[in-house]
Amino acid sequence: MPTRPAVRAEPDTTDLTADVAVVGAGAAGLALADALARRGAGERVALLETPRADLRSPERTWCSWQDPASPALAGSVGAVWPHADVVGPGGARQRLDLPVPYVLVRSGDHARAVGARLAAAGARRLAVTVTGLRDSPDEPRAVVRGHDAEGRPVRVRARWVVDTRPPRLPPEVPPGRTRLLQHFRGWFVRTREDAFDPAAAVLMDFRPPQPPGEVAFGYVLPTSPREALVEYTGFSAAPLDGAGYDAALRAYAATAGLPPFDVVAVEQGVVPMTDEPLPRVVGPRTVRLGTAGGATRPSTGYTFAAALRQAEAVAGALVAGRPPVPPRAYRRRHLAMDSLLLRALVTGRVEGAAFLADLFARHPAERVVRFLDGATSPWEDLALMRTAPRGPMLATVAERALPRGLRRQPRG
């Protein structure tokens, strides 16, 4: 990687140069800038974040199975759970001793911790709304164009551009592909009496009503005996409206037996769940990272851990002078399994809540966690496949070989 640092401009300068321009300061953008800073390459980075609040992601929590002592999470960990419960549709509860802790990171805490490290490393953070990107093989640098908070034009020339903005999926789903949304609303609650076990998260509680062809579940992430994030999540074609989420959360709180509580904060979001391929290389000097680079697991919506892994690999390649192509976030066989599961869900062949609860009931916790994180071996995958509902899955495999017009249409 070249040793020339990013050009430091005066406040009224609009033409800048950097070795690496990172577009977007969400989880993936921060992870890459941080990984470069920890490798001593902070001064080569220009991190571009829009000053427009309406274009930035709202603060939210990111959860994953990770080592809480990881340098990438320093100063960011909000809670750690060594145990987790899974509750089936009928109320049967399983306690899992997790092989790797389940870790909560609040996006605001993470941004502040990483921001401090970037400032110490000399990285540039630019308040720029990106409006265009030119990347030609005939030019030595890619050019990112945008404007600052006052509307003045800004141009950043970079040897490499890493675009971490969420992908813009067309409204039409390509033939043979499936698309769902993971959508959620969570209440940060405070009770007036001890109600939670801070050592155990309720990872998935499938007692909420299950719409046909969809999955719905609640979860409870305690941060103290009297505080927790209580969330309702759905896998479906469209999110709920505000009243729908609040009704679902009130019903779930009653089902979970929560005592009286106050809602002190709210979070909400949508994550695409799709087996559509997302290109990681989009130009001679431009790559995509995070959700845009395929870090979201199609069957679960988990993204954070994979984005961190991709960022570490890209940073290592940049420092070593290699093209910074993000590695594939998940193995091809896992993506194929995800594609079949998504199709089986939307066609109604598989009842998602029962399928997922059964997965935890019939396999060791370590195997299921490794599968959700995309780390299982071929032998573990075969063991998981043997317990899947054979008829519905074989029907889905057979359907994939049919012409599009003969395929079964999703419910709803």
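Predicted model: local features only at pLDDT ≥ 70, side-chain atom pairs only at ≥ 80, totals over all residues.
Residues are numbered from 1 along each chain as its sequence is written, and side-chain values use heavy atoms, with hydrogens and water left out.

View 1. Helices (DSSP runs of H or I, at least four residues) and strands (runs of E, at least two) are numbered from the N terminus. E366 has a relative accessible area of 46% and is therefore partly exposed; buried denotes under 20% relative accessible area, exposed over 50%, and partly exposed the range in between, with a 1.4 Å probe and protein chains only. P259 is 107 residues from E366 along the chain, and the C-alpha atoms of the two are separated by 32 Å.

**View 2. The buried face of helix α7.** The buried residues in α7 are A365, V368, V369, F371 and L372. Seen down the axis of α7, these buried residues fall within an arc of 160°, so they line one face of the helix; the arc is that of the directions from the helix axis to the C-beta atoms. Elements that cover the buried residues of α7 include β3 (61–65), β5 (93–106), α5 (332–346), α6 (352–362) and α8. G374, which follows α7, has a positive phi, near 75°.

**View 3. Packing of helix α7 with helix α8.** Helix α7 (residues 365–372) packs with helix α8 (residues 378–386) at an angle of about 105°, and the axes are 11 Å apart. Axes are lines fitted to C-alpha atoms, for helices over the stretch in contact, and angles run from 0 to 180 degrees between N-to-C directions. The two helices, α7 and α8, are therefore roughly perpendicular to each other; under 35 degrees counts as roughly parallel, over 145 as roughly antiparallel, 65 to 115 as roughly perpendicular and the rest as oblique. From α7, R367, R370 and F371 meet E380, D381, A383 and L384 of α8, where contact means heavy atoms within 4.5 Å. By class, this contact of α7 with α8 has three nonpolar, no polar and four charged residues; Ala, Val, Leu, Ile, Met, Phe, Trp, Tyr, Cys and Pro count as nonpolar, Asp, Glu, Lys and Arg as charged, and the others, Gly among them, as polar.

**View 4. Crossing of helix α1 with helix α4.** Helix α1 (residues 27–38) and helix α4 (residues 304–320) have axes that come within 8 Å and cross at roughly 40°. α1 and α4 are therefore oblique to each other. The crossing of α1 past α4 is right-handed; a crossing is left-handed if the near helix is turned anticlockwise from the far one by less than a right angle, and right-handed if clockwise. Residues making the contact include A31, L32 and A35 of α1 and L308, A311 and A315 of α4. The contact of α1 with α4 has 14 nonpolar, no polar and two charged residues.

**View 5. Packing of helix α1 with helix α2.** Helix α2 (residues 107–121) packs with α1 at an angle of about 35°, with the axes 9 Å apart. The crossing of α1 and α2 is left-handed. L30, A33, D34 and A37 of α1 make the contact with H110, A111, V114, R117, L118 and A121 of α2. These residues of the contact of α1 with α2 divide into seven nonpolar, one polar and two charged.
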